[in-house]
Amino acid sequence: MRFAVIGQKVVPESLLKSPSPTLPISKISSIPTPQQNLSFHFNPEIQAVLQGKQLLMDDLPFSLEEIQEHYENGWLTYRNGIEFHGKTVLCQRCGNSDSSWFASFPCARCGESCIYCRRCLIMGRVSACTPLIGWRDPDADGRTNIAILSSMKLLQWTGSLSDGQREASGRVEQAVISGQELLVWAVCGAGKTEILFKGIEQALARGQRVCIATPRTDVVLELTPRLKAVFPEIPVASLYGGSEDRHNHAPLTISTTHQLFRFYHAFDTLIVDEVDAFPFSVDETLRHAVKNARKPESTVIYLTATPSRSWQRECRLGKRAYVTIPARFHRHPLPVPELIWCGNWGKQLEREKLPDNVIRWVKIRLDAGKQALVFAPKIELMKKILTRLRKLHPDIESVYAEDPDRKEKVMKMRNKEIPLLLTTTILERGVTFPDIDVAVIGAEAEIFTESALVQIAGRAGRSASHPTGDVTFFHYGRTEEMLRAKRVIEEMNREATKRCLLD
Amino acid sequence: MNLFSPKRCLICHGEIEAEISWRSIFLNRTKEEAVCRKCESMLLPIEGEKCTVCGRELDLSFCEGSLCLDCIRWEKDESWRGCLEKNISLYHYNDFMKEVIARFKFRGDYCLASVFAGKLRSVLKGIPGDYIVPIPLSAERLYERGFNQSEALIVGAGLKPVPLLARIHSEKQSKKTRRDRIHLPQVFRLESQEKLTGKNIVLVDDIYTTGSTLRHAARILKEAGADKVSSLTIAR
Ligand SMILES: [Zn+2]
Ligand SMILES: [Zn+2]
Ligand SMILES: [Zn+2]
Ligand SMILES: [Zn+2]
């Protein structure tokens with residue numbers, strides 16, 4: 001679209017009463033925001049659709065005249081979809097600034113060659129002439145009636161917290177009250193969902209909007225009924241690719257990290273789960289989404305079992321507020337990985353062989369009837385390992401991310417119909433089996449980062465009835481990542497002992 | 001573009017393997033690869049025996065001689081006979097192609113036109129044509145999409161689109177039956193005063209569905225004196 005700057009406002013070309021020079025919106029360096037007219041009767045339907053969002057004109061079932069009228073009265077904002085900073089181009093919606101994700105086209109809307117972002121195209125094209133439209137609440141904003149909410153008992157939960165959880169829960173509550181950032185560094189199996197309940201209750205009682213963002217859709221689907229159950233009075237919106245809750249302005253939102261792109265200054269408390277997980281850690285743009293989705297004054301809680309090295313450093317230096325839950329809910333220490341050299345296993349594999357100590361490890365588990373999860377760095381290697389191991393037991397299976405039988409195999413493993421499951425690193429998160437030993441073959445491979453190895457080790461000893469398990473990294477040369485993973489796990493156990501969180 | 005940044009597949013954004021550039025050196029290929037091998041393998045060219053009018057792959061139970069049943073029906077009708085000289089469609093409209101075209105046309109991913117540029121250009125050069133004409137969009141539809149996909153395909157192939165036609169009615173055809181579409185009054189009008197007598201014209205569109213859009217366009221061009229009107233679509 002083309003706009004003209006007239007006094008303290010911009011006007012779309014098609015609504016101009018007399019001819020004025022116009023520009024594609026991205027060429028207007030600062031778009032004025034008219035003063036808010038508090039006596040203006042805004043359309044509550046527009047508010048319902050737009051509040052806390054950043055949407056395109058095409059997403060709005062209202063006339064341009066009505067949208068412009070809300071803008072002129074200060075109830076609606078226009079922002080540039082694409083921004084130019086010298087030579088770099090930035091998509092304001094998804095934060096993309098990687099030139100390989102931009103293209104341009106002769107645009108019928110602005111009549112110029114128009115750059116567009118291909119990264120977030122699926123949500124509707126943002127190009128250099130696209131305004132992002134947002135809602136502007138008056139300062140004492142349209143919060144739910146605080147008096148009513150705070151007089152109600154919102155949290156209906158009778159479970160109990162471990163000592164480690166209780167401390168973290170308190171810190172989360174504090175962060176919500178004081179509007180700060182907090183990193184919750186909780187070991188695999190610590191139970192991190194429950195520690196959020198009190199903090200969420202505090203936020204809701206203050207009439208705040210709360211969002212939990214997590215990278216995976218299955219976690220959204222699992223969390224939604226859980227939170228609806230503990231906050232029965234609160235409407236909960238559940239957002240993931242293909243969900244129907246799109247325009248739902250609920251006090252509590254559970255969303256995939258990806259869906260955060262639709263939000264703008266929406267949340268007073270934003271909880272970001274698995275900060276380190278794919279795709280968040282790889283995807284700079286998702287950081288941008290978090291920045292956009294939170295209100296300027298807001299609380300952000302990051303949850304992770306494996307913070308990045310730079311975050312770990314910031315924690316140590318006191319530059320980042322954090323709290324750890326170094327022990328599992330069942331009060332047993334984390335299994336510490338054993339690092340075992342197994343020679344050039346790749347070469348042996350070419351002759352359909354595996355190192356003796358690896359074979360011995362597998363045999364011991366098979367003989368004892370103890371289930372095992374064995375990680376390999378690549379699918380092709382995994383298939384070769386499978387051929388070799390099946391000579392030991394025909395029921396051994398392998399599974400990888402795109403495996404069409406993935407669900408079925410995981411189920412069979414749960415039912416103990418599979419003695420040993422081979423897998424690629426993709427299964428490292430989320431999937432838990434109660435009583436297993438864990439091994440990595442080829443732990444020196446590049447994909448086995450510190451965080452991946454900590455996650456892998458975290459698969460063992462998960463249940464209270466079987467709180468122990470062996471973790472073995474077979475390698476052809478120790479890597480820094482392996483040593484760090486081991487050190488981090490040992491540190492957590494030490495801290496847990498010191499804080500009396502272990503039995 | 002950064003010298004070291006890898007070339008990326010326009011469809012899946014995966015890296016295009018260096019191997020391919022080696023292959024192109026050995027085979028002395030100068031063509032720039034726009035898509036990776038995996039995506040390329042999913043674009044299925046229309047091959048084998050084709051209907052001599054519409055270019056579809058002939059299915060023995062749905063044809064008579066070298067014409068498919070659809071074309072036989074069109075050719076039986078006096079007002080449509082011989083309107084469209086010949087259509088060539090490059091690829092099968094399989095699920096993959098549906099996705100690519102939907103992203104191109106409805107999501108507005110303009111640069112996907114380049115996926116077809118090479119093949120489109122070489123095929124267009126083999127069809128005798130004085131003008132390459134895009135199927136027009138209505139003004140509202142053009143604004144909505146931001147560009148005309150037929151025009152984008154022609155420009156992408158490095159050729160010059162000649163806008164001889166304009167829309168009269170809106171494009172909202174999809175809910176109408178084939179019968180409605182065939183008997184619809186004029187959809188296009190001549191936009192240009194250009195003398196068409198004796199000219200050969202090639203129409204370009206993204207998909208050949210029933211052939212009625214292309215035939216409507218062809219008929220008006222024939223009525224204006226064009227000698228032959230052929231067409232080219234990406235998929236059918
Ligand atoms: Zn974008
Ligand atoms: Zn534009
Ligand atoms: Zn590709
Ligand atoms: Zn035919």
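Buried residues make up 48% of the 236 residues in chain B, where buried means under 20% relative accessible area, exposed over 50% and partly exposed in between (1.4 Å probe, protein chains only). This is a predicted model, in which local features need pLDDT of at least 70 and side-chain atom pairs count only at pLDDT 80 or more, while totals for chains, interfaces and linings use all residues. Residues are numbered from 1 along each chain as its sequence is written, chains are lettered from A in the order in which they are written, and side-chain values use heavy atoms, with hydrogens and water left out.

**Exercise 1. Describe the surroundings of B:Phe116.**

Step 1: start with the chain. Chain B has nine helices and eight strands; helices (H or I, at least four residues) and strands (E, at least two) are DSSP runs, numbered from the N terminus.

Step 2: B:Phe116 sits in the loop between helix 4 (95-105) and helix 5 (117-125) of chain B.

Step 3: Because its relative accessibility is 1%, B:Phe116 counts as buried.

Step 4: list its partners. Leaving aside residues up to four places away in sequence, B:Phe116 touches B:Tyr91, B:Met97, B:Val100, B:Leu153 and B:Ile234; contact means heavy atoms within 4.5 Å.

**Exercise 2. Work out how helix 13 and helix 14 of chain A pack.**

Step 1: recall the method. Two packed helices are described by the angle between their axes and the distance between the axes.

Step 2: apply it. Helix 13 (residues 450-457) and helix 14 (residues 480-498) of chain A pack at about 50°, with axes 8 Å apart. Axes are lines fitted to C-alpha atoms, for helices over the stretch in contact, and angles run from 0 to 180 degrees between N-to-C directions.

Step 3: name the arrangement. The angle makes helix 13 of chain A oblique to helix 14 of chain A; angles under 35 degrees count as roughly parallel, over 145 as roughly antiparallel, 65 to 115 as roughly perpendicular and the rest as oblique.

Step 4: look at the residues. A:Glu450, A:Leu453, A:Val454 and A:Ala457 of helix 13 meet residues of helix 14 including A:Met482, A:Val488 and A:Ile489. By class, the contact of helix 13 with helix 14 of chain A has seven nonpolar, no polar and three charged residues. Here Ala, Val, Leu, Ile, Met, Phe, Trp, Tyr, Cys and Pro count as nonpolar, Asp, Glu, Lys and Arg as charged, and the others, Gly among them, as polar.

**Exercise 3. Follow B:His13 to the interface with chain A.**

Step 1: 16 residues of chain B are in contact with 15 residues of chain A.

Step 2: B:His13, B:Arg107 and B:Tyr143 supply 45% of the area that chain B buries against chain A, more than any other three residues. Buried area is the accessible area (1.4 Å probe) that two parts lose on being put together, summed over both.

Step 3: B:His13 lies in the segment before helix 1 (18-26) of chain B and is buried, at 10% relative accessible area. Although B:His13 is not a glycine, its phi is positive, about 65°.
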